[in-house]
Amino acid sequence: MGTTPIARRLSLRLGVLDLPDRERKIHTEPVPTLGGLAIFLGVLVGVVVGARGAEARAALGMGLRPPFLGELSGTLLAALFLLGAGVLDDARGLRPGTKLLAQLLAAGVLVLSGVEMLYFWLPGLGVISLSQDLGVILTTLWVVVLVNAMNLSDGLDGLAAGLAAMAGLAFFAYQALTGTGREISSLLSLAVAGAALGFLPYNFHPASIFMGDSGSMVLGLILAAASVLGVGRSTVLPRPTAFATLLFPLVVPLALLAIPVADTFLAVVRRLARGLPIAHADKEHIHHRLLALGHTQKRAVVLLYGATAVVAGAALAGSAAGLGAAVGVLVVGGGLLVVGWGGKGGGSGSGREEEDLFDTPRGVG
């Protein structure tokens, strides 16, 4: 939290501001947009503090072993690389192809450091070992999907930070409930949650700083690494009572970001159906539709928090108590959301623009 004011002052001094744009953006005043620096530092501090304790336990013959260090350093290096690319995009604007290339390179850093999908658990088949080529392809695809899902969710003040915090905490809880995962993935999940929660007070409406691509891509990459290390490299069989493990293991981490992932998919389909390039920006995402219904920005964000909490709660309930519990959470939580979804909020307020891989960045025709 203490690094966010520093990042804001630096952004103001360097003139790295997100300027209003009627066609693509909701906010009406220039806002500093180097919040990714504060988020990365928050993750770094959380990991360093947690890793010291883990290394001490390892010295006692418990907890982590040396491979942890390579995977962890590789994740932080890949995050640092995306942070740099994101800062360049926030300051000067990068073409979509350039951003995608940066994400692919970051995924390559993860794979080279050992963060790669190696195993899946499927009902009736047990643990399935993936070939190295297939593991690299799936890991790269997973990183790109989650990075852009988190990037796209940064459309309203506080939305991406809140979703990242919820995803980190829920994935940590999922691993504890199912008995899967590894300590390194739990550490990364908690570090993401802590950094996002520390940033949220400055980013909630009215935001005094935006996380920018530098922050959203870092959050997405670390969540992707945590999920790969938690279920893609674990040979621990899930507990038989865990309903969620009847599905493809990565469905649970994906469910925690279901709304931005689905929104990304629908945006691509919508633009292709209209004969538009996927880099064409619009204001038809879920958060834009909520504002159009008359919700205030705060109310829209809270509703999307609620939707994410329902999906995450259903996954966790199913993991702990079975299908009936998951359905119960979906029915009750979904009913409450339907009631809140239709309410009017009294105006849209200021906010953010759509920011994802598929947008044409500022200054690019």
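Helices are DSSP runs of H or I with at least four residues, numbered from the N terminus, and the expected span of a helix is 1.5 Å times one less than its number of residues. The model is predicted: local features need pLDDT of at least 70, side-chain atom pairs count only at pLDDT 80 or more, and totals for chains, interfaces and linings use all residues. Residues are numbered from 1 along each chain as its sequence is written, and side-chain values use heavy atoms, without hydrogens and water.

Helix H1 (residues 3-14) has twelve residues and spans 17 Å from its first C-alpha to its last, close to the expected 16 Å. Thr-4, Ala-7 and Ser-11 of H1 are buried (under 20% relative accessible area; exposed is over 50%, partly exposed in between; 1.4 Å probe, protein chains only). Seen down the axis of H1, the buried residues fall within an arc of 60° (taken from the directions from the helix axis to the C-beta atoms), so they line one face of the helix. Ile-6, Arg-9 and Arg-13 are exposed on the other side of H1.

| Residue | State | Relative accessible area |
|---|---|---|
| Leu-336 | exposed | 62% |
| Gly-333 | buried | 12% |

How values were computed:
Helices (H or I, at least four residues) and strands (E, at least two) are DSSP runs, numbered from the N terminus.
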